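Biologist: I've just opened this one and would like a tour. Start wherever you like.

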Amino acid sequence: MRKPAGHIGLSAIALSLLLQGGLASAAVTFIGEGSIPGNATDQSGLTGMLEDGITPHNLAGGFGSAMAYTGRDNLYVATPDRGPADGATSYIDRICTLRIHLVRQGGAYEVKPQIVSTRLLRKESQKYFTGSASAFDATGSTESLRFDPEGVRVSRCGHTAFVSDEYGPYVYEFDLHGGKRLRALNMPNKFLIDAPSATPSAELANNVVGRQSNRGMEGLAISPDGGKLYGVMQSALIQDGALDAANKRIGLNNRIIEIDTATGAVREFLYQMDKKSNGISEIVAVNDHEFLVLERDGNGGEAAAFKKIFKIDIAAATDIRGVKALPSSGAPAGVVPASKALFMDLLDPAHGLKGQNFPEKIEALAFGPDLPDGRHLLLVANDNDFNSAQATRIMAFAIDSYDLPGFQPQDIAQRHSHECLGHHEDD
């Protein structure tokens with residue numbers, strides 16, 4: 001267990017700068033990490049092997065794709081993505097509940113995660129969602145059973161969760177008690193493809209609008225009051241100058257969609273990526289207009305070069321829902337993108353994480369309950385791609401309140417299930 005140096009507050013130099021009116025910000029502090037082994041199993045009750053011949057149906061993999069605090073004790077929900085072999089198996093989608101203990105040891109913390117329950121995700125009894133790329137609906141509708149969960153946020157009532165789908169892209173609300181889908185939220189047509197296929201290259205060849213193959217809604221945030229969701233695509237939409245003539249990614253202009261959870265009303269905002277080879281893996285709300293966004297490259301170990309968390313603000317950003325197509329780079333005339341500033345570089349040597357063991361797929365961001373000293377807790381996790389030899393790592397960071405002056409924790413009321421918008425149902 002890595003044990004970093006303890007938090008020591010503002011240094012004399014930083015305090016002096018503040019008193020002189022200079023710009024100073026205390027560093028976000030890495031305080032510890034824990035892991036769940038890649039060969040761990042879940043409580044799905046499934047037996048046997050998947051079609052790849054090496055993955056048990058109940059392997060606890062991929063759940064670092066998305067994680068969210070439940071508002072209760074030290075419990076979090078996590079959604080594994082579509083399973084191993086890039087959608088080539090009939091992996092049944094599920095949602096896991098994790099208990100993540102942080103145990104203080106001097107100036108550091110020991111992070112102790114444990115999977116405590118698992119629910120299979122379904123449309124109705126015995127009709128389960130699957131990561132299989134071939135389980136699509138030919139019309140591209142939400143009747144499709146293929147599902148690639150990449151973002152999760154607990155609703156305000158605490159009994160349901162919203163989960164984003166990279167295949168669609170869609171957003172579904174699920175009952176956390178039984179795993180049943182309660183509703184699908186409507187997505188504007190510009191995000192959807194006309195010709196879904198089990199083959200990514202065929203999807204790219206046969207569609208001129210919508211999300212790129214395997215680059216759909218990768219991240220999901222919820223406003224502190226639970227009234228709005230914010231979904232971010234992993235890469236630019238096809239019509240937004242995403243690809244060159246050889247279908248190589250060149251688009252820097254990405255869309256964030258805001259969805260009202262009660263009315264379905266939407267707005268869209270422009271997020272400009274730093275590099276065309278990057279992708280967006282997650283978004284989490286700081287308040288109702290500021291967010292942390294995880295932008296990264298596709299490299300791990302010593303080759304990892306870009307694993308950054310940006311703080312963005314949409315307060316002054318233009319609503320671009322009426323903009324049918326964006327250029328590959330640069331904002332169109334009259335369009336103000338979301339403001340963007342570096343918040344944390346995960347590869348900063350100060351954290352001690354950079355090196356040959358650094359994961360490629362950092363994909364989950366979740367605020368937890370504040371630490372006893374009042375600092376905010378941010379958990380960061382990796383998707384291990386169902387590799388039984390690779391652990392899912394959960395890294396903990398402490399953030400001083402003056403580094404996130406507008407931070408508002410999510411209000412999860414823990415109401416009775418019938419008060420949820422898509423109320424609890426049993427078959």
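Predicted model: local features only at pLDDT ≥ 70, side-chain atom pairs only at ≥ 80, totals over all residues.

Modeller: I'd start with Asp297, which counts as buried because its relative accessibility is 7%. Buried means under 20% relative accessible area, exposed over 50%, and partly exposed in between, with a 1.4 Å probe and protein chains only.

Biologist: OK. What does Asp297 pair with?

Modeller: Lys307, in a salt bridge whose closest N and O atoms are 2.8 Å apart. The rule is a side-chain nitrogen of Lys or Arg within 4 Å of a carboxyl oxygen of Asp or Glu. The pair links distant parts of the chain, 10 residues apart: Lys307 is in strand S18 (residues 307–313), and Asp297 is in the loop between strand S17 (290–296) and S18. Helices (H or I, at least four residues) and strands (E, at least two) are DSSP runs, numbered from the N terminus.

Biologist: And Lys307, buried or exposed?

Modeller: Buried, because its relative accessible area is 0%. Ala304 is also found in the loop between S17 and S18, and it counts as buried because its relative accessible area is 2%.

Biologist: How many salt bridges does the whole structure have?

Modeller: The search finds 22. One of them joins Glu203 and Arg146, at 2.9 Å from N to O. Glu203 lies in helix H2 (residues 200–206) and Arg146 in the loop between strand S7 (127–128) and strand S8 (149–154), so this pair ties together parts that are 57 residues apart in sequence. Both Glu203 and Arg146 are buried.

Biologist: What about Lys361, which residue does its side chain meet in a salt bridge?

Modeller: Asp385, again with N to O at 2.9 Å. Lys361 sits in the loop between strand S19 (339–345) and strand S20 (362–367), and Asp385 in the loop between strand S21 (376–382) and strand S22 (392–399), so the contact ties together parts that are 24 residues apart in sequence. Asp385 counts as partly exposed because its relative accessibility is 38%.

Biologist: Switching to rings. How many aromatic pairs are there?

Modeller: The count comes to 13. Rings of Phe, Tyr and Trp (its six-membered ring) pair if their centres lie within 6.5 Å; planes under 30 degrees apart count as stacked, over 60 as edge-to-face, and the rest as tilted. Tyr69 and Tyr76 have ring centres 5.2 Å apart and planes at 50 degrees, so that pair is tilted. Both of those tyrosines, Tyr69 and Tyr76, are buried. For Tyr172 and Phe174, the centres are 6.2 Å apart and the planes at 75 degrees, so the pair is edge-to-face.

Biologist: Which ring face does Arg146 lie over?

Modeller: The face of Tyr167, at 4.4 Å from the ring centre. Lys340 lies over the face of Phe310, at 4.3 Å. The test is NZ of Lys or CZ of Arg within 6 Å of the ring centre and within 35 degrees of the ring normal.

Biologist: Now the holes. How many cavities turn up?

Modeller: 2 of 30 Å³ or more. On a 1 Å grid over the protein atoms alone, a cavity is a set of points where a 1.4 Å probe fits but cannot get out; a pocket is an open set with protein on both sides within 12 Å along at least five of seven lines, and lining residues have an atom within 4 Å of a point. The largest cavity has a volume of about 110 Å³, and its lining includes Arg146, Tyr167 and Tyr170. The second largest cavity has about 70 Å³, with Tyr167 and Glu203 among the residues nearest its centre.

Biologist: And the second largest pocket, how much space lies in it?

Modeller: About 430 Å³. Of its 25 lining residues, the closest to the centre are Asn214, Gln234, Arg296, Lys361 and Glu363.

Notes. Residues numbered from 1 in each chain as written. Heavy atoms only, no water. Points joined across faces, edges and corners; volume = space filled by probe spheres on them.
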